[in-house]
Amino acid sequence: MTSAVPSTLAAFLCFFSLTVNASDAIGQEAAAKPEKKITEIKIGYLRAYAPQLTLSMLDLPPRDEGVAGADVAIGDNNTTGKFTNQKFSLDVTEIKPGGDAIQAFEQLIAKGDRYVIADLSAKQLLSIADIARDKGVLIFNVGATDDSLREEDCRINVFHIAPTRSMLADALAQYLMVKKWPNWVLLYGSHEQDHLYADALRRAATRFGGQIVAEKEFKDTGTARRTDTGATQIQQQISVFTQDLPEHDVVLVADESEVFGTYVPYRTWTPRLVAGTAGLVASSWHPASEQWGGIQMQSRFLKTTGRRMLSRDMSAWTAVRAVGEATTRTKGDDAKKISDYIRSNDFSVAAFKGQKLTFRKWNHQLRQPILLGDTKSVVSTSPQEGYLHQVSELDTLGVDQPETKCVLK
């Protein structure tokens, strides 16, 4: 009787040899197949930051204002990037509000950032704009609302996400005229940015038929307004300051420098509505916005950051998403192709505002609805119904093409 062990052992050795050979073949095939190349897209974030004094503790800006929105957008871009073999990253650099932006900007460029989110003053942004152009870098302005950056000082490589002062003022003026509140008193601060917003409100009045029946400047005397005595003094001053005003419907406040505006509502000599930088405020976003899928954005942002989304967060989010959308559509990381695509008719970005947003070709300003709200809710959205335009109703807000002084260079 012969044993079955030798034949069984032989069969096992044969099977083992085949398995090893097959594994080797699979391994060689995998090694021969090249891995998909991941395109890394580096985005810089250059911000001018210092702790800010506000009249109300509730208005103190969070430490990560703007940056938090960009971070959330980086995550959104990378979700899509998994399918397009793209990886997005964010480099954040801070300077002082009056500091030199050039050195910090060049450091970002040295890291390989070809797209820079700029949360800077107009002067700081202009100091880096031409350097960026010469190096093929695109800048996305999320902080400066100066109309001059989109007009006489416009640059071909700078795209503006933040709305201009003229857009904010026009949005407010449209609503006041729709409500049939045409007579306005203008109170403005003594700092440069206050004067610029006051100019925008005057322009809006002329454009939409409002009447500014009186103006008064509130001088900043350097009062310690966050102390008990300073706050009390300013609150008492408001009533006297508004005592001799002619008949009016609305008090417009232009106080970007946070000297007196917060104290105007409920303290005027005559009981009147307040709008501008206090009371009813025009902005690119509102923490209570829920329409057009806004609640989904708000919930996701709150879960990620632990706080509510502010206008600068939304501007930064939109800027990073614009880069993500353009790089996905152009299937690469060529700044020239991306710039051309963003300026083309094919580009748009969704930002939870009821319609897709596009850039104006003549000055690179992002068209967008403007939200009008108080501390609790969104009151209305401009452009208001009935304000028509031959191209886009959004172009009824701010400087239109026939008015522009911009020559892109």
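**Entry 1: a hairpin**

I started with β13 and β14, which form a hairpin with four residues between them. For the names I rely on DSSP runs, numbered from the N terminus: helices are H or I with at least four residues, strands are E with at least two. I looked up the pairing next: β13 and strand β14 (residues 378-382) run antiparallel and are joined by four bridges. I count two strands as paired if DSSP finds at least two bridges between them. The bridge partner of G373 in β14 is V378.

Before going on, I noted that this is a predicted model, where local features need pLDDT of at least 70, side-chain atom pairs count only at pLDDT 80 or more, and totals for chains, interfaces and linings use all residues. I also noted that residues are numbered from 1 along each chain as its sequence is written, and that side-chain values use heavy atoms, with hydrogens and water left out.

**Entry 2: the other partner of β13**

Which strand do three bridges join to β13? I found strand β10 (residues 280-283), and the two run antiparallel. Here A282 stands opposite L372 in β13.

I then checked where the side chains go. In a regular strand they alternate between the two faces of the sheet. In strand β13 (residues 370-373), I370 and L372 point one way, L371 and G373 point the other way, and all are buried. My cut-offs are under 20% relative accessible area for buried, over 50% for exposed and partly exposed in between, with a 1.4 Å probe and protein chains only.

**Entry 3: past β14**

I followed the chain into the segment after β14, where D395 lies. Is D395 buried or exposed? D395 is buried, with a relative accessible area of 1%. I listed what D395 touches, not counting residues up to four places away in sequence: R207, R360, W362, R367, H389 and D400. Contact here means heavy atoms within 4.5 Å.

**Entry 4: the parallel sheet**

I traced an open sheet of five strands in the order β2-β1-β3-β4-β5, with parallel pairing. β2 (86-95) and β5 (158-160) stand at the edges with a single partner strand each, so one side of each has no neighbour in the sheet. From one strand to the next, the twist averages 20°.

Looking at one pair, I saw that strand β4 (residues 138-141) and β5 are parallel over three bridges, with F140 opposite F159 in β5.

I looked up two helices that meet this sheet. Helix α4 (residues 122-134) lies across β1 (39-48), β2, β3 (115-119), β4 and β5, and runs at about 160° to β4. Helix α10 (residues 335-342) packs on the sheet, touching β3, β4 and β5, and its direction makes about 45° with that of β4. My axes are lines fitted to C-alpha atoms, for helices over the stretch in contact, and the angles run from 0 to 180 degrees between N-to-C directions.

Helix α5 (residues 165-178) has 14 residues and reaches 20 Å from its first C-alpha to its last, close to the 20 Å expected at 1.5 Å a residue. The expected span is 1.5 Å times one less than the number of residues. Of the 14 residues of α5, 13 are buried, so the rest of the structure largely encloses this helix.

After α5 comes K180, whose phi is positive, near 65°. K180 lies in the loop between α5 and β6 (183-189) and is exposed, with a relative accessible area of 68%. I also took a distance: the C-alpha atoms of K180 and D249 are separated by 9.1 Å, although the two residues are 69 apart along the chain.

Helix α9 (residues 311-330) is mostly covered, with 15 of its 20 residues buried. I found its end C-alpha atoms 28 Å apart, which agrees with the 28 Å that its 20 residues should span. K331 follows α9, and its phi is positive, near 55°.

**Entry 5: the whole protein**

I closed with totals. The protein has ten helices and 14 strands, and buried residues make up 48% of its 409 residues. Among contacts between residues at least 6 apart in sequence, 69% join residues at least 24 apart.

I checked confidence last: pLDDT, the predictor's confidence in each residue from 0 to 100, averages 91, and 89% of the residues score at least 70. Over residues 1-6 the pLDDT is below 50, and this stretch has zero contacts in the model beyond near neighbours in sequence.
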